[in-house]
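Here is a short briefing on a predicted model.

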Amino acid sequence: MQTGRITKALSGFYYVTTDDNQTYQTRARGVFRNQDISPYVGDYVEFSLDENEEGTIQAILERKNQLSRPQVVNVEVGCVVTSAVEPAFNTQLLDRFLVQLEAHHIQPAILVTKLDLIDQDAIHRLKDYQAYYQSLGYPFILVDQDNLDATKKALSQVIQGQLAVFMGQSGVGKSTLLNAIDPSLNFKTAETSKALGRGRHTTRHVELVAALGGLIADTPGFSALEFADIEKESLRECFPECWERRAACKFRGCLHYKEPKCAVKQAVAAGDILEERYAHYILFLEEIINRKPVY
(Lines give C-alpha, C1' and ligand atoms only; values in the text may rest on other atoms or scores of the structure.)
Protein backbone atom coordinates (compact mmCIF):
# COMPACT_ATOMS: atom_id res chain seq x y z
CA MET A 1 0.00 0.00 0.00
CA GLN A 2 1.27 3.47 -0.91
CA THR A 3 0.19 6.98 0.02
CA GLY A 4 -0.02 9.96 -2.29
CA ARG A 5 -2.04 12.97 -3.32
CA ILE A 6 -4.49 13.17 -6.21
CA THR A 7 -3.10 15.81 -8.57
CA LYS A 8 -5.48 15.28 -11.49
CA ALA A 9 -8.90 13.71 -12.08
CA LEU A 10 -9.98 13.03 -15.66
CA SER A 11 -12.47 10.64 -17.28
CA GLY A 12 -12.82 8.41 -14.23
CA PHE A 13 -9.08 8.15 -13.61
CA TYR A 14 -7.26 9.67 -10.64
CA TYR A 15 -3.59 10.51 -11.01
CA VAL A 16 -1.85 10.12 -7.67
CA THR A 17 1.58 11.64 -6.99
CA THR A 18 3.73 10.24 -4.18
CA ASP A 19 6.32 11.99 -2.02
CA ASP A 20 9.09 10.79 -4.35
CA ASN A 21 7.33 12.58 -7.24
CA GLN A 22 6.11 9.42 -8.99
CA THR A 23 2.63 9.65 -10.53
CA TYR A 24 0.34 6.64 -10.93
CA GLN A 25 -2.93 6.26 -12.80
CA THR A 26 -5.59 4.85 -10.50
CA ARG A 27 -9.29 4.13 -10.26
CA ALA A 28 -11.43 4.32 -7.14
CA ARG A 29 -12.83 1.20 -5.50
CA GLY A 30 -16.48 0.49 -6.27
CA VAL A 31 -17.31 0.76 -2.59
CA PHE A 32 -16.83 4.54 -2.81
CA ARG A 33 -19.62 4.76 -5.40
CA ASN A 34 -21.86 2.62 -3.22
CA GLN A 35 -21.24 4.98 -0.31
CA ASP A 36 -21.69 8.05 -2.53
CA ILE A 37 -18.11 9.14 -1.85
CA SER A 38 -15.94 10.69 -4.57
CA PRO A 39 -12.20 11.25 -4.45
CA TYR A 40 -11.23 14.82 -5.33
CA VAL A 41 -8.12 16.56 -6.55
CA GLY A 42 -6.09 17.41 -3.45
CA ASP A 43 -7.10 14.28 -1.54
CA TYR A 44 -4.45 12.26 0.25
CA VAL A 45 -5.19 8.61 -0.49
CA GLU A 46 -3.92 5.12 0.13
CA PHE A 47 -3.65 3.04 -3.03
CA SER A 48 -2.44 -0.34 -4.20
CA LEU A 49 -0.74 -1.28 -7.46
CA ASP A 50 -1.19 -4.40 -9.58
CA GLU A 51 1.51 -6.09 -11.65
CA ASN A 52 0.93 -3.57 -14.48
CA GLU A 53 1.40 -0.59 -12.17
CA GLU A 54 -2.32 0.21 -12.45
CA GLY A 55 -3.54 1.57 -9.15
CA THR A 56 -6.67 1.26 -7.04
CA ILE A 57 -7.56 3.83 -4.40
CA GLN A 58 -8.30 1.91 -1.21
CA ALA A 59 -8.87 4.76 1.27
CA ILE A 60 -9.33 8.52 1.31
CA LEU A 61 -7.60 10.20 4.24
CA GLU A 62 -9.24 12.89 6.37
CA ARG A 63 -9.72 16.24 4.63
CA LYS A 64 -8.94 19.70 6.04
CA ASN A 65 -11.58 21.31 3.85
CA GLN A 66 -13.52 20.87 0.64
CA LEU A 67 -14.55 23.28 -2.09
CA SER A 68 -17.40 22.31 -4.39
CA ARG A 69 -16.83 25.00 -7.04
CA PRO A 70 -14.12 24.13 -7.96
CA GLN A 71 -14.01 20.55 -6.67
CA VAL A 72 -10.70 20.51 -4.81
CA VAL A 73 -9.83 19.64 -1.21
CA ASN A 74 -7.14 20.35 1.37
CA VAL A 75 -6.63 23.85 0.01
CA GLU A 76 -4.37 26.14 2.04
CA VAL A 77 -4.28 29.35 -0.04
CA GLY A 78 -7.00 30.85 -2.21
CA CYS A 79 -5.79 33.38 -4.79
CA VAL A 80 -8.75 35.46 -5.93
CA VAL A 81 -7.90 36.93 -9.32
CA THR A 82 -9.91 39.99 -10.34
CA SER A 83 -9.41 42.44 -13.18
CA ALA A 84 -9.41 46.21 -13.18
CA VAL A 85 -11.60 46.21 -16.29
CA GLU A 86 -13.16 43.75 -18.80
CA PRO A 87 -14.75 42.58 -16.50
CA ALA A 88 -14.77 45.58 -14.18
CA PHE A 89 -13.36 45.39 -10.66
CA ASN A 90 -16.26 44.18 -8.50
CA THR A 91 -15.87 44.35 -4.71
CA GLN A 92 -19.12 42.50 -4.03
CA LEU A 93 -17.92 39.51 -6.05
CA LEU A 94 -14.50 39.78 -4.43
CA ASP A 95 -16.09 39.72 -0.96
CA ARG A 96 -18.15 36.67 -1.91
CA PHE A 97 -14.95 34.80 -2.74
CA LEU A 98 -13.31 36.00 0.48
CA VAL A 99 -16.24 34.83 2.59
CA GLN A 100 -16.12 31.38 0.99
CA LEU A 101 -12.40 31.11 1.67
CA GLU A 102 -12.75 32.30 5.27
CA ALA A 103 -15.61 29.84 5.85
CA HIS A 104 -13.34 26.99 4.72
CA HIS A 105 -10.34 28.25 6.73
CA ILE A 106 -8.31 29.02 3.62
CA GLN A 107 -5.87 31.94 3.60
CA PRO A 108 -7.03 34.42 0.93
CA ALA A 109 -4.86 36.50 -1.36
CA ILE A 110 -6.09 39.05 -3.91
CA LEU A 111 -4.60 39.78 -7.35
CA VAL A 112 -5.77 42.51 -9.73
CA THR A 113 -4.89 42.23 -13.43
CA LYS A 114 -5.22 44.49 -16.50
CA LEU A 115 -3.93 47.64 -14.80
CA ASP A 116 -2.53 48.74 -18.15
CA LEU A 117 -6.11 49.31 -19.39
CA ILE A 118 -7.12 51.91 -16.76
CA ASP A 119 -6.11 55.50 -16.00
CA GLN A 120 -4.25 56.86 -13.00
CA ASP A 121 -7.43 57.85 -11.12
CA ALA A 122 -8.66 54.27 -11.29
CA ILE A 123 -5.27 53.00 -10.13
CA HIS A 124 -5.41 55.34 -7.11
CA ARG A 125 -8.86 53.96 -6.23
CA LEU A 126 -7.48 50.43 -6.43
CA LYS A 127 -4.61 51.40 -4.14
CA ASP A 128 -7.16 52.65 -1.58
CA TYR A 129 -8.83 49.23 -1.70
CA GLN A 130 -5.41 47.63 -1.48
CA ALA A 131 -4.64 49.48 1.74
CA TYR A 132 -7.96 48.50 3.32
CA TYR A 133 -7.85 44.81 2.43
CA GLN A 134 -4.22 44.57 3.50
CA SER A 135 -5.25 46.02 6.88
CA LEU A 136 -7.51 42.96 7.22
CA GLY A 137 -4.53 40.65 6.67
CA TYR A 138 -5.17 39.86 3.00
CA PRO A 139 -2.21 40.06 0.61
CA PHE A 140 -3.36 42.35 -2.23
CA ILE A 141 -1.17 42.27 -5.32
CA LEU A 142 -1.53 44.78 -8.16
CA VAL A 143 -0.10 42.88 -11.13
CA ASP A 144 2.41 44.95 -13.08
CA GLN A 145 2.73 43.49 -16.57
CA ASP A 146 6.10 45.21 -16.94
CA ASN A 147 7.46 43.68 -13.74
CA LEU A 148 6.08 40.17 -13.48
CA ASP A 149 9.11 39.11 -11.43
CA ALA A 150 7.72 41.20 -8.56
CA THR A 151 4.35 39.42 -8.87
CA LYS A 152 6.08 36.04 -8.97
CA LYS A 153 8.08 36.89 -5.84
CA ALA A 154 5.00 38.14 -3.98
CA LEU A 155 2.99 35.05 -4.93
CA SER A 156 5.81 32.71 -3.92
CA GLN A 157 5.88 34.36 -0.49
CA VAL A 158 2.12 33.82 -0.14
CA ILE A 159 2.11 30.19 -1.31
CA GLN A 160 5.29 28.97 0.44
CA GLY A 161 5.00 25.29 -0.41
CA GLN A 162 1.24 25.08 0.08
CA LEU A 163 -1.68 24.09 -2.16
CA ALA A 164 -3.12 27.21 -3.75
CA VAL A 165 -6.30 27.53 -5.79
CA PHE A 166 -6.62 30.34 -8.32
CA MET A 167 -10.24 31.41 -8.61
CA GLY A 168 -12.19 34.26 -10.10
CA GLN A 169 -14.66 35.37 -12.71
CA SER A 170 -14.11 34.16 -16.25
CA GLY A 171 -12.07 36.57 -18.33
CA VAL A 172 -10.05 38.13 -15.50
CA GLY A 173 -6.87 36.54 -16.80
CA LYS A 174 -6.09 33.70 -14.38
CA SER A 175 -4.56 31.41 -17.00
CA THR A 176 -2.84 34.29 -18.81
CA LEU A 177 -1.26 35.46 -15.56
CA LEU A 178 -0.01 32.00 -14.60
CA ASN A 179 1.41 31.41 -18.08
CA ALA A 180 3.20 34.76 -17.99
CA ILE A 181 4.74 34.00 -14.60
CA ASP A 182 5.71 30.44 -15.57
CA PRO A 183 5.50 29.75 -19.35
CA SER A 184 6.02 26.01 -18.77
CA LEU A 185 2.49 25.80 -17.30
CA ASN A 186 0.89 26.39 -20.71
CA PHE A 187 -2.67 26.77 -19.41
CA LYS A 188 -5.25 27.32 -22.15
CA THR A 189 -6.61 30.84 -22.58
CA ALA A 190 -9.33 32.55 -24.60
CA GLU A 191 -10.45 36.08 -25.34
CA THR A 192 -13.24 37.74 -23.38
CA SER A 193 -16.58 37.46 -25.18
CA LYS A 194 -17.57 40.91 -26.45
CA ALA A 195 -21.27 40.01 -26.48
CA LEU A 196 -21.39 38.63 -22.93
CA GLY A 197 -18.65 40.75 -21.37
CA ARG A 198 -17.06 37.72 -19.75
CA GLY A 199 -14.43 35.15 -20.62
CA ARG A 200 -15.10 31.83 -22.25
CA HIS A 201 -14.39 28.83 -20.04
CA THR A 202 -11.06 27.35 -21.09
CA THR A 203 -10.12 25.21 -18.08
CA ARG A 204 -12.03 21.93 -18.27
CA HIS A 205 -10.68 20.04 -15.30
CA VAL A 206 -8.83 20.73 -12.07
CA GLU A 207 -5.17 19.81 -12.01
CA LEU A 208 -2.46 20.53 -9.47
CA VAL A 209 0.85 21.66 -10.92
CA ALA A 210 4.14 22.27 -9.14
CA ALA A 211 4.90 25.99 -9.47
CA LEU A 212 5.77 29.06 -7.39
CA GLY A 213 7.29 26.85 -4.71
CA GLY A 214 4.05 24.96 -4.08
CA LEU A 215 1.13 23.29 -5.85
CA ILE A 216 -1.30 25.44 -7.79
CA ALA A 217 -4.63 24.70 -9.43
CA ASP A 218 -6.03 26.53 -12.41
CA THR A 219 -9.80 26.15 -12.24
CA PRO A 220 -12.84 27.07 -14.34
CA GLY A 221 -13.93 30.66 -13.85
CA PHE A 222 -17.33 31.40 -12.40
CA SER A 223 -19.17 34.56 -11.34
CA ALA A 224 -21.91 33.51 -8.88
CA LEU A 225 -21.31 32.35 -5.33
CA GLU A 226 -24.05 31.41 -2.90
CA PHE A 227 -23.77 30.71 0.80
CA ALA A 228 -25.60 27.41 1.06
CA ASP A 229 -23.29 26.04 3.75
CA ILE A 230 -22.85 29.19 5.88
CA GLU A 231 -25.18 30.00 8.79
CA LYS A 232 -26.06 33.56 9.74
CA GLU A 233 -24.21 33.24 13.06
CA SER A 234 -21.05 32.19 11.21
CA LEU A 235 -20.98 34.95 8.59
CA ARG A 236 -19.49 37.55 10.97
CA GLU A 237 -16.49 35.22 11.47
CA CYS A 238 -15.81 35.57 7.74
CA PHE A 239 -15.43 39.38 8.02
CA PRO A 240 -12.29 39.99 10.13
CA GLU A 241 -13.23 43.61 10.89
CA CYS A 242 -16.58 42.44 12.32
CA TRP A 243 -15.21 39.46 14.21
CA GLU A 244 -12.51 41.42 16.00
CA ARG A 245 -15.09 43.89 17.37
CA ARG A 246 -17.67 41.38 18.60
CA ALA A 247 -16.69 41.70 22.28
CA ALA A 248 -17.45 45.44 22.23
CA CYS A 249 -21.07 44.95 21.13
CA LYS A 250 -23.76 45.29 23.81
CA PHE A 251 -25.36 41.95 23.01
CA ARG A 252 -23.49 38.67 23.03
CA GLY A 253 -24.05 37.01 19.67
CA CYS A 254 -24.74 40.36 17.98
CA LEU A 255 -25.24 39.90 14.24
CA HIS A 256 -24.33 43.58 13.61
CA TYR A 257 -27.66 43.95 11.86
CA LYS A 258 -30.53 45.61 13.71
CA GLU A 259 -29.20 45.40 17.26
CA PRO A 260 -28.58 48.64 19.22
CA LYS A 261 -25.17 49.64 20.56
CA CYS A 262 -23.35 47.54 17.98
CA ALA A 263 -19.59 48.16 17.85
CA VAL A 264 -19.44 47.22 14.17
CA LYS A 265 -22.08 49.76 13.14
CA GLN A 266 -20.31 52.36 15.27
CA ALA A 267 -17.05 51.57 13.46
CA VAL A 268 -18.80 51.96 10.09
CA ALA A 269 -20.15 55.35 11.15
CA ALA A 270 -16.68 56.40 12.31
CA GLY A 271 -15.12 55.35 8.99
CA ASP A 272 -13.03 52.58 10.56
CA ILE A 273 -14.88 49.90 8.61
CA LEU A 274 -15.37 50.42 4.89
CA GLU A 275 -19.05 51.19 4.37
CA GLU A 276 -19.05 49.18 1.16
CA ARG A 277 -17.81 46.09 2.98
CA TYR A 278 -20.47 46.44 5.67
CA ALA A 279 -23.15 46.81 2.97
CA HIS A 280 -21.95 43.52 1.48
CA TYR A 281 -22.06 41.89 4.91
CA ILE A 282 -25.71 42.93 5.30
CA LEU A 283 -26.52 41.79 1.75
CA PHE A 284 -24.99 38.37 2.38
CA LEU A 285 -26.64 38.11 5.81
CA GLU A 286 -30.07 38.79 4.33
CA GLU A 287 -29.42 36.23 1.58
CA ILE A 288 -28.68 33.64 4.26
CA ILE A 289 -31.69 34.63 6.39
CA ASN A 290 -34.04 34.51 3.39
CA ARG A 291 -32.73 31.42 1.65
CA LYS A 292 -35.14 28.54 1.22
CA PRO A 293 -34.55 25.55 3.49
CA VAL A 294 -33.23 22.38 1.89
CA TYR A 295 -34.99 19.20 2.98
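Pro87 sits in the loop between strand 8 (77-83) and helix 2 (91-103). Most peptide bonds are trans, and most residues other than glycine have a negative phi.

**Positive phi**
- Asn21 is not a glycine, yet has a positive phi of about 65°.
- Asn21 belongs to the loop between strand 2 (13-17) and strand 3 (23-28).
- Asn21 counts as exposed because its relative accessibility is 62%, where the cut-off is over 50%.
- Asn74 also is not a glycine, and its phi is positive at about 60°.
- The loop between strand 7 (72-73) and strand 8 holds Asn74.
- Asn74 is buried, with 3% relative accessible area.

**Annotated binding site**
- An unreviewed UniProt entry lists Cys249, Cys254, His256 and Cys262 under "binding site".
- Cys249 lies in the loop between helix 7 (240-243) and helix 8 (263-269).
- Cys262 is placed in the loop between helix 7 and helix 8.
- Cys249 is buried at 8% relative accessible area; Cys262 is buried at 2%.
- Beyond four places in sequence, Cys262 contacts Cys249, Cys254 and His256.
- With that same exclusion of residues up to four places away, the contacts of Cys249 include Cys254, His256, Lys261 and Cys262.

**Domains**
- The chain divides into domain 1 (2-62), domain 2 (72-218) and domain 3 (235-290).
- Between domain 1 and domain 3, the C-alpha centres are 43 Å apart.

How values were computed:
Residues numbered from 1 in each chain as written. Predicted model: local features only at pLDDT ≥ 70, side-chain atom pairs only at ≥ 80, totals over all residues. Heavy atoms only, no water. UniProt positions renumbered as here; feature names shortened; annotations may be inferred. Helix = DSSP H or I, 4+ residues; strand = E, 2+ residues; numbered from the N terminus. Buried < 20%, exposed > 50% of the residue type's maximum accessible area, 1.4 Å probe, protein only. Contact = heavy atoms within 4.5 Å. Domains from an automatic or database assignment.
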